[in-house]
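This briefing covers surface, fold and selected helices of the structure shown below.

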Amino acid sequence: IISVLLTAALLLWNRDFLLLWQGVAESKLGSVLYAIGIGVWVYARTDSAALMGLMTSFSYFGALVLQPLGGVLADRCRKRTLIAGSDLVCGVVMLALGALAWQGRMQVWQVLAVAAVSAVCASVLQPAVNSLLPQVTPPGELMRGMSLINGTLNALQMLGNAAGGFFVAFFGVPALIVFNGLTFLFSSCTEWFIRAGRTPAAGAQANGVPGAFWGELIGGVRYLRGQPGVARIVLAGAAVNLPCAGFTGIVYVWCLEKGMIVPQYGLFLSAESAAMLAGLAVLAVRPIPARRRWGVLAAAVTVQSVLYIAAMAAHGFWACTLLYAASAFFNAISNSFMFPAVAAATDPAYHGRVLSLLTALCGGGVALSMLAYGALADVFGAAAVSFGGALLTVLPYAVFALDPDMRRLLARET
C-alpha cells in the first residue's frame, strides 16, 4: 500500500505539494501517539467516559465555532503563514504540557486547556490547507491529491495506533507528549518553504465590506446560500455525523467492554486505519470516472452501514476488529467524494470560506455526537450506545447518498 501511495505522489510531484504533504504527515504521527497516551491517562485518572468525550469533542467544537473565521483568514491572508504558524503554536504548547507531565504535575484541566488551544490552531490550519491544496495539485487531480494526503495520514494513523499501546507502556505518557510537540515544530520549519499561497485569492473581499473580516465571512455564507445544491450537501455531511461520530470519543471504553486490553485497543485502531488506507490507496492510483462516482458512492454507503452495525453488535477482539475494519474500508471510499465535489463547484475566491463552513458543520455534528455518546455511555454503557447509534446512522446516510444534487456534483470533473 505504501508503494501505491508513492506511485500516486510521483504523479502529483511538485515542490509545494511535497512540502504540504510531508508537513501535514509529520505532525499527524505525533498527534496519533499523543491521542492514545492522553486518552489512557485521562480515563485512568477520572474513570469517566463523559470526560473523554468532552476532551475529544474540543477540537470539533473548535471547528464548528472557529473554522468559518479560519476560512476568512485563509482567503485573505498568506496560507503558508497560517499553516506554519499554527503548527508552531501547537508545538510550543505541547512541549510545555510535556514538561509538566515529566515533573508529575500535569492535571486534567491542563490537558483540556491544551486541547482548547489545539482546537483554535486546527481551526486556522485546516481551512488554509484545504484552500491551498487546489493550488498545488495539477488540474483535474484534486481527488487524487486528497486521496494521497488522506491515505498517508491513515498510514501514519495505522502505524501509530499499532504501536501506541506499547509506546504508552514502555515510554510513558510524558515522552509521547514531548514527541508530539517536536513533530509540530519540525513541520512548522519545513512549511515555511512553501511558495504557493503567499498571497490571498483574487476577489477574496467580494460580497463583503472591503477589508472587513465579518463582511467577508457573511459574504461567504451568502455565496453558499446562492449555491443550493452545494449548501444541501454541506448540511447532509453534518447530519451523517450526528448519530455515529461519537463512537470515536468512547472507543477506548467500548473496546474494554468488548473484552480487549490496551495493546489490543491500539491494534483495533490500527486495523481501522489500515482499512481506510487501503480504500484511499485505491482511489489515489485509480480515480473513479465522474460518470461512475454516484454508483460507487451508493454501493459503498450500503455495504459500510451493514458492516458497521455488525461490528457494533459483535464481541471479542477478532470479530469486532475485522468487521469494523471492513466497514472503515468502504467508509473511506464514500467519504472521499464530498470535498472534491464541493471544491469543484466553488469559486476559488471562496474556497477558504466555503470549505471551512463544510468542515465546521461536519465537525459540529461530530462534537455534539461525542458529548451525547459520552453522557449516555456513563448511564447505559458504551456498547449499547454505539449499537443504537449504528442503527440510527442508516437514515442520514441514505439521504446523503440519494440526494440528486450530490449525483449532479459528482458528475463534475475534479
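The accessible surface of the chain comes to about 16300 Å², by the Shrake-Rupley method with a 1.4 Å probe, where for residues only the protein chains shown count as cover. Carbon and sulfur atoms hold 70% of that surface. This is a predicted model, in which local features need pLDDT of at least 70 and side-chain atom pairs count only at pLDDT 80 or more, while totals for chains, interfaces and linings use all residues. Residues are numbered from 1 along each chain as its sequence is written, and side-chain values use heavy atoms, with hydrogens and water left out.

**Overall fold**
- The chain has 18 helices and zero strands; these are DSSP runs numbered from the N terminus (helices: H or I, at least four residues; strands: E, at least two).
- Of the 414 residues, 58% are buried (under 20% relative accessible area; exposed is over 50%, partly exposed in between; 1.4 Å probe, protein chains only).
- Among contacts (heavy atoms within 4.5 Å) between residues at least 6 apart in sequence, 87% join residues at least 24 apart.

**Thr81**
- Thr81 lies in helix H4 (residues 79–102).
- Thr81 counts as partly exposed because its relative accessibility is 34%.
- Thr81 and Ser188 are 107 residues apart along the chain, with 9.4 Å between their C-alpha atoms.

- In H7, 14 of the 19 residues are buried.
- Helix H12 (residues 293–313) reaches 30 Å from its first C-alpha to its last.
- Buried residues of H12 include Arg293, Gln304 and Tyr308.

Conventions
Expected span 1.5 Å × (residues − 1).
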